[in-house]
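Please work through each task before reading its solution.

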Amino acid sequence: MSFIRLSTHLSFAAALLAGTAIPAHVFAAPTALDNEVTAYLKPLPLTLTTPQAVNARCDATLALAAKAETALEARTGQATIADDFAAFDSLSLILSDGGSEMYLISETSPLKPVRDAAQDCIPKLSDLGTRVSLSRPIYDRLAAIPANGLDEKTGFTLNKMLTNYKLSGVDKDEATRARVTQLQKEITETGLKFAENIRDDKGDIPLKPEELKGLPQDYIDAHKPGTDGLVHLTFAYPDVFPILDYADIRETRRKVSSAFNNRGWPANEAVLKTLLEKRYELAQVLGYPDYATLVTSDKMIGNPQRAAQFLDDVNGAAKPGADADYAELLAFAKTVDPTITDLQRWDRSYFENKLRKARYDVDSAEVRQYFTLDKARMGIFKLVGDLFNADIRPWNTPVWDPSVTAWELYDNNKLVGRFYLDMSPRDGKYNHAAQFPIRTGIEGRQIPVGALICNFPASGPMDHEDVTTFLHEFGHLLHAMYSGHTEYGVQSMGNLQWDFIEAPSQLLEEWTWNYDTLKGFASNDKGEPIPEDLVHKMNAGRHFGEPGMWKTQLAYSAISLNFYNRKPDFDLSTQFDDQLSRYALYPPVAGTHPYASFGHLDGYSAIYYTYVWSKAIALDLFTRFEADGIRNKETALRYRKLVLEPGGSEDANALIQDFLGRPLSLDAFKAELQKK
């Protein structure tokens, strides 16, 4: 599963401010500072090629932010939306977009000195963000703005900003605020180190050529033996995942899976422990019993107790189907390999593929011949055009690597947003899949800009699962583009409750199972479109193993929650294994330490449950499309208007209510878990 980056490597307080740009021009003429900020952010300095250039940009960002901070703190007289919120806009826009560009450079530049320079800048911006979030003069100016007479969305915006300040500890005494500042600095630095250790652990898994038995020929052709006669695999997804899908030799799957699940270890053992300890102390200093309570307090779920109850509720719905699927899969596996007595984590994907082929006549190797990265991109562009009137055109602009492409999204010749696609692995690059914000969209002031950073095969076949991931991430990008035209910058998706944030992307995943969608771009090397009966078979076998997959997600959600809902005096391996055993179908793997590469323990902290919670929302939203027709444009445009475009201008529950005409229900998700 993939995720969106919402300034997750800025400090907690700075992250609360990310994207909180309130456009002064809506209420009053832009000030000189407004114009200075707009001019400063107009260029996209993402092709900086020397650490000196990165350092200069960082210093300029810090200086401009400090200037805006000083000006806002010095304001006197009647506080107003037009003046004080405008000043807050200029300050928070520098923090959010300045941090976004540095974070992107740190994860994507082909040059390590440039990546390192950008990474060194992030804590400096975070420190300034923390200082702003603890500024009593700024808080007092915002709190003094009269709420009477504000429209509903503006009132919601103002209240959200005040809530963010209170969560950051602005109302504490000076000594407490000083300790919060130090903790936020240490948390940011620790989180960056955690991510760096994952990113830089490229791996080397040596295999004999004969150990690749069962792999597609295109994979074997792309993985030739070295001078030592061995095939050397890295931890990159295109190296690892096909092994788990197709390798006939069980020991090969075990070897690769075990190595992959030790990424970042032992380096991240102490780093993660420090991260947990610092966040626990932060929560205590702010008056919360633990960090999970702090971080869920402004989410849809409300508190960690409700999150835990949600996990158990879904687990109850998933268990019967998961147990039945496991029994069937084990029985099938024994017909392939009579020596098997139980299934391990490295067996799941391989035997599920085999079973789908035997039971549903679906061969995943056959399916993948219809998909490549270029075809998937073409198909996704066409789909969002058909549904949302998205007209995507090439964007002639510099890029940071020759493999990166750039695009503009229009609607009836009106520019909606711009984005980059950085889609395949390379040394030093972020090794997961995510949408990265670059510029916060503000109507009349700034067009939204973002990037997809993924790791798909650059050429040759790709799995259907990769296509689904591509569309998932593109869903985040669409959300950022369409919500980047609100009256206030803070109302873009960056201010939406985080446990709703995955729902629009998970909703779009449903279209990768739709024949009318796939037939438009999925074709083999002869140009023949994917057969309709093959897509029907894919759908017939789609739900086998799905309850077990969601139990795995529940396990990771419980790990996330239980690492943060208590004092971190526990053994990391024991706690991880306990939660995995409680929910997942497959037992922990002895000798592995998957928590060391579980990057969400930094970015998402206690709220990995978001993926399961958002899936329930997504399937509930999808009931409207099922009723009206999955490619019904009127419904799609209504969804765009009522759910995507409002961004964070309303409570997420209100967005659901507006589109469905009723409150959120878990019924569709529970029904999904019972499909066969």
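Two strands pair if DSSP finds at least two bridges between them. The model used here is predicted.

**Exercise 1.** Determine how many bridges join β5 to strand β7, and whether the two run parallel or antiparallel.

*Solution.* Step 1: β5 and β7 (residues 449-453) are joined by five bridges. Step 2: the pairing criterion is at least two bridges, so β5 and β7 pair. Step 3: the two strands run parallel.

**Exercise 2.** Identify the strands joined to β4 by bridges, and describe the turn of its hairpin.

*Solution.* Step 1: strand β3 (residues 391-394) is antiparallel to β4, with four bridges between them; here D391 lies opposite Y410. Step 2: β5 (residues 414-422) is likewise antiparallel to β4, through seven bridges, and D411 faces K414. Step 3: β4 and β5 make a hairpin in which two residues separate the strands. In that turn, N412 has a positive phi of about 50°.

**Exercise 3.** Explain why β4 and β5 are described as largely enclosed by the rest of the structure.

*Solution.* Step 1: a residue counts as buried under 20% relative accessible area. Step 2: in β4 (residues 405-411), six of the seven residues are buried, so this strand is largely enclosed by the rest of the structure. Step 3: in β5, seven of the nine residues are buried, and therefore β5 is also largely enclosed.

Terms used. Residues are numbered from 1 along each chain as its sequence is written. This is a predicted model: local features need pLDDT of at least 70, side-chain atom pairs count only at pLDDT 80 or more; totals for chains, interfaces and linings use all residues. Side-chain values use heavy atoms; hydrogens and water are left out. Buried means under 20% relative accessible area, exposed over 50%, partly exposed in between (1.4 Å probe, protein chains only).
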